[in-house]
Amino acid sequence: MEEKKQCKGCGGALPFVIGFVAAVIAGWVLFPDMIYSKKTQPVRFSHKIHAEQGLECSGCHVFREDGSYAGIPTNEKCMECHADVVGSDPAEKIYVEQYAQKGKEVPWLIYQYQPDNVIFSHKAHEALECTSCHPDMAKNDTPPVYFQNRLSGYSKQTMKMWQCERCHAENGVSNACHVCHK
Amino acid sequence: MSGHAVKEFNITWGMVIDLDKCTGCGACMTACQVENNIAPMVDASNKMRTLSWMLVFELHNGKPAPEAEIAYLPRPCMQCGNPACVPVCPVVATDKNEEGGIVSQIYPRCIGCRYCMAACPYHARYFNWEDPVFPKGMEKALSPNTSTRPRGVVEKCNFCHTRLLKAKDLARQTGGNPDGLADGAYMPACAEICPTGAISFGDLKNAEHKVSQLSKDPNAFRLLEKLGLHPQVYYVSKREWVRKLGDNYAAGDKAGAEKKHS
Amino acid sequence: MGLDRRAFVKFVAGGVAGTLFTPVIWKGLDDAAIWSQNWGWIPRVPKGEVKSAPALSKLCPSGCAVKVKTVEGQPFAALGNKDNPMSKGGICPVCAGAVQLMYSPARVKSPMKKVAEGKLQAISWEDAEALLVEKLTALKGQEGKVAAICGDSTGSTAEVLSALVAGLGSSAFSVMPDEAYVASQGVKLMGGSGQPGFDIEGADLVLMIGADALDSWGPSVANQKAFAAARPVGADATAAYVYAGPAANNTSAVCDKFLAVPPTATATFALGLANALIAAGAVSSASDFAEYKALAAKVTPEVFEKETGLKADVLKDLVAKFKAAKAPLVVAGASFGQGAGARDFVAAASLNVLLGRVGQKGGMTLLPAAPKAIASAIAPAKDAASYLAEVATGKAAPGALIVYEANPAYALPQAADMAKALGNIAFKVSLATYMDETASLCDLVLPAAHSFERFDDAMNPYGVAKPTYLAGKPVVKKPVVDAKNPADVLLGAAGKLGLSLGVETGEDLVKAKAKAVGADIAALTGGGAWQGEAKGGALTLGAAALAKAPAAKADDKALALAPIAKLAIGTATLATPPANLLTIRDTELSGKDLFVQMNAATAKKAGVAEGDRVKLAAGSGEMKARVHVNEGVAAGTVAVLLGFGRSAWDEFTKGKGDNVYKILTVSDEAGTGLKVWAGSTVTVAKI
């Protein structure tokens, strides 16, 4: 049959090249998209609106008396203002009716969620700028999309061990296992 | 990670346990399980399968009734200065590299070969033969201080290390010095709970911590001193028969014979 | 260009090669490794704010003020309260796992009604309370028809229960036999009144005869703190401690001297010591000193050695210790907290009278009667063992029995007979936190809230030197199961039965008691303690009671039975907490076998050896166990741990070992009218 004639020009390497290129494209373009599922926060919290009200970051993101960090505030803090609906935004209504008034904590998706065996102390890192590890949220109106790794279950933003180790090494801080693990 | 010399740090967390005050009540064993999320075992009489990071031994003076006497000896991990378990780990899941000298055991890294268990002469290391199963509902009451371990990893006492990190945070918050904690600012669960206060804990190198004096008591001894592992847990007893049980002696030797102190 | 096989293979090879230059494999492996560390069935630990709240634990009779640590409001651990003057930051092995006990699989999760033999079915609180009121209404006003057995000796809820019984026209209110009951009877025999107390903190020589004061007797945490204060590490002790009891135990392990006294020879030991002290010059101004001296003189060194198995010169050593002490104290008690009979108590307590230590600092004290929260509360007519013995014979015929935080089907001597006697009662209701042996055979089980889930209090825990009152409030908003404060349940029932007891809720009850005592309720629920003053009062030496010696049972084949209480293993009301199973040695329990302890000489005499399977029998009861040779046991004695042989509860405790309560034999104590079982004997046979 006629089809048996190979294309001499490629020297028979064309299928290989096509496969190679296809794999590279799939691996670099399609794979990152596929491995993460996209989720949204249960309540569309806007840092921008709250900052415009004159609230300081440390108003909600506080160090407690024992030195632990209240990263994402609980209902107790939010209800200081939002025990009832105070604005016009439908997102606030969802929060007040489905969470605050029902006494239910919002199941926020934590971008920097670390496994149980990791212990991170914000207090020890107080001297650093928040933006060393976190994005600048002050002007953020809609919470960023939460990309969850379908295989490991963690978010795309979760810092891996090498990132902590590198900064520790660069700053002469101990990289002993127990410093970060429990 | 030389493993053949004593590792020295500026701070050395250690214990001094007064065996003349230990009633063997077992509160330390229970508190340890609660703090470290060790699941209760249905057949806890099988001592080859129990996870007793803190274990209370019963000592006998070997005399017949009515001269028989008993004593109790709580044994946590010795956090040896020259540990036998660290150099044998093929994946460096355990290491003694942190200021304070607590030998760390990192569960996600452990491959469960149990070489460290064979190496430890105090039998202070335990293997998870099974996944932890808590009675229904009890998993809500877990302690935030220690991760749970799946089957196949080795675990051991770590002097409630998370409490050290929390004590440091508290020191930072209140303007104290995280590298110079006060006596009693950091206490493992067993030392905190002991109703007779038999377990004293602190920095053996810090003159302001009472353990630094207590460890130098003439009646203080360490278990299996002659092996040269330099444990950081000292025991004190006024009773000679109790001190002699701390190591192997030839007949006629006095307790403390050939004591190699660092 | 067609795709033939060679081209296809090249395409795939190219794909694989290309994949190696992408993150797919490397990231995939990394993520898979993380996936393998996060199996869904491995529990996650909580994160959040850690706080600590004060609470009162009634899990053991000590009634300790503790702190409960919570994370985001969820309790996870209990520890001592350093600011409390009683417990001073100490906590016992039962409380160490107290939070886990809130989630014990044995917890009664909702009201239950018996629908068939051995089958209980969940019902609603409405139906349960209606059933209770219905049954009690039918028996109202008839003497002895409504009975109650109370296991909580210090709480005000006991007053509500007794007032309920009295209000229904009955006087059949009894308590589980405990030290306080027997000791108060003993004090009566010594011409005094009130609950005795022991000032261990103020003494410089503490001789404990039977009383396991550093583990299972009295306010053991407070006792341990007093002990610790007198024995600083590395320095000289400021107090000496001696334990005289049937087996080496947790208390003896830290004492300066352990004297192995068989349980049948406790009074002999005390009188032998009295004889030696009198010979060394002790004189008492008590009115019956002459008779007492004559009685003590009967315990000659020969009699002493024969009955106790100890050499008479241990007395010389003890007398020397007493002479050197400025504030000696003799703590009297049964080695397992019950059944000792007043005579044993009098024999040991009389030593305090002999040495003039009653009402002195570091001595024995007498507590005034505590004020009542409920005016119509009545005192117990008798102890539960005596009462159920009457039910068994038909002398008492109640139509309904209310059991409150007690386990009479398990924790009474001749337990099997006791359980059978309960069967004689038509309607039984148990207010219990856990599904124990008694609740399992009741007609109605009402789940009681756990100590940390309710308002509760403790008045004069037995052994305290001064009147003491503690109170606690719940740590959580509501119980973790559908349980209620038993005080609320009883008060609700009383209201529906037309009785007005003066308070409406458990919270009001505790407030009323605090007011009657003169204590500040807020300070108490915040972790404090109220302490009053002991009253004065002279006591006699109780010679008249001591003279009525029981006939010596000379049975060569029988061994003295010494039940041993270890707090970690549980109490009369609480089975071993799951976390405490670890503390039980494999020479005590191995698999499902309980080991009874005896020394080598006793084993030889009984014809048994280490590890042998044996049957112990006494009365109509028997138990099976294995033998462990333990030199710490007194002569001619077999020591058996309490708390095993459970037939209810959960997989952690059910079916392990056997219940020694089954073989405790009860006899009537001459001259006191009390039932006694601390001097039980048993036969041991190899099987």
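The model as a whole has an ipTM of 0.93 and a pTM of 0.93. Because the model is predicted, local features need pLDDT of at least 70 and side-chain atom pairs count only at pLDDT 80 or more, while totals for chains, interfaces and linings use all residues. Residues are numbered from 1 along each chain as its sequence is written, and chains are lettered from A in the order in which they are written.

The contact is formed by 26 residues of chain A and 25 residues of chain C, two residues being in contact if their C-beta atoms, placed from the backbone, lie within 7 Å. On the side of chain A that touches chain C, helix α1 (residues 14-35) gives the most, with 13 residues; helices (H or I, at least four residues) and strands (E, at least two) are DSSP runs, numbered from the N terminus.

Within chain C, the strands and helices against which the buried residues of α9 pack include these:

| Element of chain C | Residues |
|---|---|
| β9 | 205-209 |
| β10 | 240-245 |
| α10 | 289-297 |
| α13 | 341-354 |

Twelve of the 14 residues of α9(C) are buried, so this helix is largely enclosed by the rest of the structure; a residue is buried if 20 or more other C-beta atoms, placed from the backbone, lie within 10 Å of its own. Among the buried residues are C:Thr266, C:Phe269 and C:Asn275. After α9(C) comes C:Gly281, with a positive phi near 115°.
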